[in-house]
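Please look over the sequence and the model first.

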Amino acid sequence: MRRAHRTTVLAAGLVLALAAGPLAAPAFAAPERTATGTAGGTSTGPDAEALAAAIAGLPDHDATAAVLRVGGKGTWRGAAGVRDVRTGAPVLENGRFRAGSVTKVVTAAIVLQLASEGRIDLDGTVQQYLPGLLTADFHPVTVRELLNYTSGLRSGASLGDTVEEGYPHRFETLTPQQVVASSVAQGPAYEPGTHQDYDNIHYTVLGMLMEKVTGDSYAHQAAVRIFRPLGMRDSSFPVGADPRIHGPHNRGYDWIDGRLTDVTDWNMSDRWAAGDMISTTADLEKLLVGLFSGRVVPEPQLKEMFTLPDVPGARYGAALERFELDGRVIWGKTGSRPGYATVIAATPDLSRTLVYSVTSTDAKGDGQAVAQRFAYPAFNR
């Protein structure tokens with residue numbers, strides 16, 4: 001669709017929201033005073049002007065809302081847009097959303113906790129922990145190779161590779177077991193440990209392995225090991241195939257056949273330990289700071305998250321991806337589900353942190369434009 005036409009369609013779809021009042025200014029965008037001073041007034045804090053510009057004018061053709069939290073040496077909070085285009089109600093600063101693949105950070109943290117307790121050996125194999133899951137075609141696949149996406153497993157089945165393909169099937173169920181079985185049936189893609197191929201399948205198997213080792217559900221382990229200790233009171237996983245986001249939340253939208261379509265309600269059970277978490281920016285900031293400060297995963301296991309495997313072009317450690325921006329090293333994780341784009345990122349010393357949720361109208365498309373608009377300003381000085 002041409003950009004001009006998309007903008008026209010969006011304008012029509014937002015007529016109620018726009019009639020409710022001007023939305024060009026952010027619903028809330030202000031620096032918070034810290035020990036280092038006000039973020040917008042120091043050279044060491046985040047670039048408040050650039051951050052405010054990033055969220056100005058929402059809703060627009062790319063996003064209906066955005067919520068940003070920047071921390072470290074100086075903090076900044078911003079929220080703009082609408083939580084519901086039908087009513088024009090303003091965005092909820094602490095509204096819940098689908099965090100997508102940020103879920104993998106929780107999964108990796110639990111596995112590494114279990115490793116620190118001696119209950120999982122990172123050099124142990126899937127064949128050892130889940131006998132019979134992989135066929136004889138597979139060479140031994142280690143837990144570490146699942147964590148850093150080098151297992152050689154192929155993508156499993158899905159109910160649609162794009163939002164457009166998946167939308168008619170959004171209330172159907174594809175279980176993690178079915179996803180893994182379809183992956184295994186294809187045979188290995190490569191020798192384990194020789195290539196890095198980011199895919200949900202690695203973390204779906206980790207979820208199964210974790211349940212086998214603990215004799216407990218993945219969701220309960222996440223609650224007792226991560227959410228409760230960190231005070232993440234608004235984070236959870238759907239029960240079974242429940243397609244709803246319970247509690248206060250910002251609705252998600254996507255362009256489908258030229259129409260801005262509400263995609264909030266969607267059964268994500270097939271994403272499970274790879275991408276099924278519901279959270280808030282405040283909760284994800286607690287996760288980010290707790291993790292990087294060593295309060296979630298102890299040393300030496302924590303270093304697994306910041307260690308790239310020795311394979312060509314590797315960008316990921318255990319769950320986390322390494323970025324460089326203007327010479328600054330940043331580790332983080334992106335997440336995308338229909339209607340929702342999420343990022344958590346920080347410098348290793350926590351001098352700068354970022355969490356955002358953007359109700360992007362192309363969340364499953366190329367995320368570079370969203371990152372350039374909302375993430376880069378947080379780290380540009």
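## A buried tyrosine in a loop

Tyrosine 149 counts as buried, because its relative accessibility is 0%. (Buried means under 20% relative accessible area, exposed over 50%, and partly exposed in between, with a 1.4 Å probe and protein chains only.) Tyrosine 149 sits in the loop between α6 (143–147) and α7. Its phi is near 65°, a positive value in a residue other than glycine.

Aspartate 326 also has a positive phi, near 55°, and is not a glycine. This residue is in the loop between β10 and β11 (328–337). Aspartate 326 is exposed, because its relative accessible area is 66%.

## The model and its numbering

This is a predicted model: local features need pLDDT of at least 70, side-chain atom pairs count only at pLDDT 80 or more, and totals for chains, interfaces and linings use all residues. Residues are numbered from 1 along each chain as its sequence is written, and side-chain values use heavy atoms, with hydrogens and water left out.

## Overall build

The protein has 13 helices and 13 strands. Helices (H or I, at least four residues) and strands (E, at least two) are DSSP runs, numbered from the N terminus. Of the 381 residues, 57% are buried.

The accessible surface comes to about 15,300 Å². Carbon and sulfur atoms hold 51% of that surface. Accessible areas come from the Shrake-Rupley method with a 1.4 Å probe; for residues, only the protein chains shown count as cover. Among contacts (heavy atoms within 4.5 Å) with a separation of 6 or more, 70% join residues 24 or more positions apart.

## Two cis peptide bonds

Leucine 58 and proline 59 are joined by a cis peptide bond, with omega about 5°. Proline 59 is in the loop between α3 (48–55) and β3 (63–72).

Glutamate 299 and proline 300 are also joined by a cis peptide bond, with omega about 5°. Proline 300 is in the loop between α12 (281–292) and β10 (321–325).

## Salt bridges

Side chains of opposite charge can pair when their charged atoms come close. The whole structure holds 15 salt bridges. Each is a side-chain nitrogen of Lys or Arg within 4 Å of a carboxyl oxygen of Asp or Glu.

Which residue forms a salt bridge with arginine 69? The partner is glutamate 285, with the closest N and O atoms 3.1 Å apart. Arginine 69 lies in strand β3 and glutamate 285 in helix α12, so the pair ties together parts that are 216 residues apart in sequence. Arginine 69 is buried at 16% relative accessibility, and glutamate 285 is buried at 12%. A network of salt bridges links Arg69, Arg77 and Glu285.

Arginine 244 pairs with aspartate 242 in a salt bridge, the closest N and O atoms being 3.1 Å apart. Arginine 244 is partly exposed at 45%, whereas aspartate 242 is buried at 14%.

## Leucine 133 and its contacts

Leucine 133 is in the loop between α5 (126–129) and α6. At 22% relative accessibility, leucine 133 is partly exposed. Not counting residues up to four places away in sequence, leucine 133 touches Val126, Val180, Val184, Val205 and Met208. Leucine 133 and valine 184 are 51 residues apart in sequence, yet their C-alpha atoms are 7.9 Å apart.
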